[in-house]
Number of protein chains: 4
Amino acid sequence: MTKVAIVYYSGYGHTTKQAEAVRDGAAKKATATLYAIDKDGNLPDSAMEEIAKADAIIYGSPTYMGGPAWQFKKFADASSKPWFAQAWKNKVAGGFTNSASVNGDKFATIEYFWTLSQQHGQIWVGTGLLPANAKANGPNDVNWSAGFGGALAISPSDAAPDEAPRKGDLETARLLGARIAETAAKFAA
Amino acid sequence: MTKVAIVYYSGYGHTTKQAEAVRDGAAKKATATLYAIDKDGNLPDSAMEEIAKADAIIYGSPTYMGGPAWQFKKFADASSKPWFAQAWKNKVAGGFTNSASVNGDKFATIEYFWTLSQQHGQIWVGTGLLPANAKANGPNDVNWSAGFGGALAISPSDAAPDEAPRKGDLETARLLGARIAETAAKFAA
Amino acid sequence: MTKVAIVYYSGYGHTTKQAEAVRDGAAKKATATLYAIDKDGNLPDSAMEEIAKADAIIYGSPTYMGGPAWQFKKFADASSKPWFAQAWKNKVAGGFTNSASVNGDKFATIEYFWTLSQQHGQIWVGTGLLPANAKANGPNDVNWSAGFGGALAISPSDAAPDEAPRKGDLETARLLGARIAETAAKFAA
Amino acid sequence: MTKVAIVYYSGYGHTTKQAEAVRDGAAKKATATLYAIDKDGNLPDSAMEEIAKADAIIYGSPTYMGGPAWQFKKFADASSKPWFAQAWKNKVAGGFTNSASVNGDKFATIEYFWTLSQQHGQIWVGTGLLPANAKANGPNDVNWSAGFGGALAISPSDAAPDEAPRKGDLETARLLGARIAETAAKFAA
């Protein structure tokens, strides 16, 4: 069965919600596993070996100070080992990010995930979604946040993880997970 | 007196509204002039000479297909002449963009404006604003759209130019214009 | 048979050489066709229909003033029609760029091609190559120019198109074409 | 006297050489101080207070896996404290990066430094240099590496810190330091 690894960092729990939605979407088409990077930027010992066996690797992090959290970057820097051996080459890749602001440089984080994936020779898959951008649209609509390269989520600064990301962003995350799993399945076939 | 040139393209009038707000902000501290690029990507003959005398050049365009409109890029490519002579070196620079989606790759357009300014040896000034990102915030609040490198505006796909950009985005544009004019005045002194 | 469309603009002929190398690489595994954007930013009438039938679309342009040439952007903006219908969704995508400088913001052009592809819901494939970055390496080596997201070429400002891009950059372009054709063939299967 | 703070991380010593060159350039016009981030991503206790008093902050890091080293990002994330108070607003900013490859996504690191600076409301100053991009140019020439947004350096993978960055890149770094110090002095006046 197709294997999807979701490697992410979450500072306050909002990005965990988004990661779980990506996982739920991917799980419809694949075995999907969450790998949570801890506060020191580390993963459990076995994680790197398991990730190396996945067909797709999805990257997730809040956007902090205009880019992925340092804990995520520590993981990315540690991936220079598989990079050197091109061990992740041809694995499907994708990404998601969450932050408090409507825009807030989220695109920069997705650009980084893509840049990382290209160093690894991965194949990048975005949301494949049109935006919901009419006057009547709002945070309950799929892709109101309007991410194309990856799934975006907006969690207002005073919203707890049980309030945000909101319905539309979580469904967008689910759809990203499903799309990446499908693409990886096609590619593995 | 400090001179601020605002060079922009607008497809349907929304970006013109944003450009006018930038101009209004700049006009409090400087002589501010709008230069509208036409549908064929051209400026009036005298524009390039006038821009060469400005203390600050502000770039504006809608975000179309993930970047500035081709009409703006035609202007940018034509600026290879002043580039060759480094005629815009040390002029202050800034930028603004508008599109229908909440996020929609607007950041990529601002990144491009900055990249262009750096080829020219310009000094980049962003919004200098914190975001309005609590649950109670909305499109009437300054920097709800949350641009830092430049001013962002959201004009829903079914909103006419008299409806959008909305109050918060227009005030953000005004504040950007004022900040750039002030910075240029300091440098020119 | 798998179809690869290569849509590009070339100002002085160097990027045409690079495009031909991409085509030669792709032609080993697919039917590969070059579509040259003209000086006014237009394609032959039939081109958009043919591109719509391709399994992969590869984007190419020199890097001018920190991004793709305006003629390429005009094509990109015209692709808002297929975008609206998501007609290019799931097609494989890739890109290449050439400029006179060693670095010179080439990465910004590749970022743009990727951003465009993501609006279209395409699947991005980069070079999948390690860099040639030891002291003994030079312009005759594959990926000395060190592109990951796309193929890069360096054509010094006083080098004619029969002198540059040089051997290593042309071979890198060939390998990108071959990789994209292979990936598209896998997906089409 | 104008104060310039240079905050950087170096993994193997090459970026330290580049940082020292930036410092030497800045020292002609200002009091210039190096702040080296350690292997755990930390700065000495007093550093953040001193940086808060500087007129300019210059960011430096090797490009690892397509972006700044995680140790630098840890510093950037810790700067959310001064960000919250906008304590670095209006300080001049600039950046530099080094990596083994000719291109190798260095531009992405400079883009990140700029993005960080814009969150802080800083004023960005790049190299202001034309590229050395004719056939006869090489690593001993100023800006052969061709950075505009920031200073770039190429240190081949088998070159020790006493061999690389090479003459041209070190002089480029010096000129960046001098330009930022001059700009900060103008601005502080």
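**Close-up views of the chain contacts**

**View 1. The rotation axis beside chain A.** Of the residues of chain A in this predicted model, A:Asn103 comes closest to the rotation axis, with its C-alpha at 2.7 Å. A rotation of 180° with 0.0 Å of shift along the axis superposes chain A on chain B, at an RMSD of 0.0 Å. That is the relation of a two-fold axis. The same surface serves both copies: 100% of the contact residues of chain A recur in chain B.

**View 2. Where chain D meets chain C.** Here 25 residues of chain D are in contact (heavy atoms within 4.5 Å) with 25 residues of chain C. The two chains bury about 2100 Å² between them, 53% of it on carbon and sulfur atoms. Buried area is the accessible area (1.4 Å probe) lost on putting two parts together, summed over both. D:Val102, D:Asn103 and D:Lys135 supply 29% of the area that chain D buries against chain C, more than any other three residues.

**View 3. A salt bridge across the interface.** The rule (a Lys or Arg side-chain nitrogen within 4 Å of an Asp or Glu carboxyl oxygen) finds two salt bridges between chain D and chain C. One of them, C:Glu163 with D:Lys135, has its closest N and O atoms 2.7 Å apart.

**Notes.** Residues are numbered from 1 along each chain as its sequence is written, and chains are lettered from A and ligands numbered from 1 in the order written. Local features need pLDDT of at least 70, side-chain atom pairs count only at pLDDT 80 or more, and totals for chains, interfaces and linings use all residues, while side-chain values use heavy atoms, without hydrogens and water.

Key. Least-squares fit on C-alpha atoms with pLDDT ≥ 70 in both.
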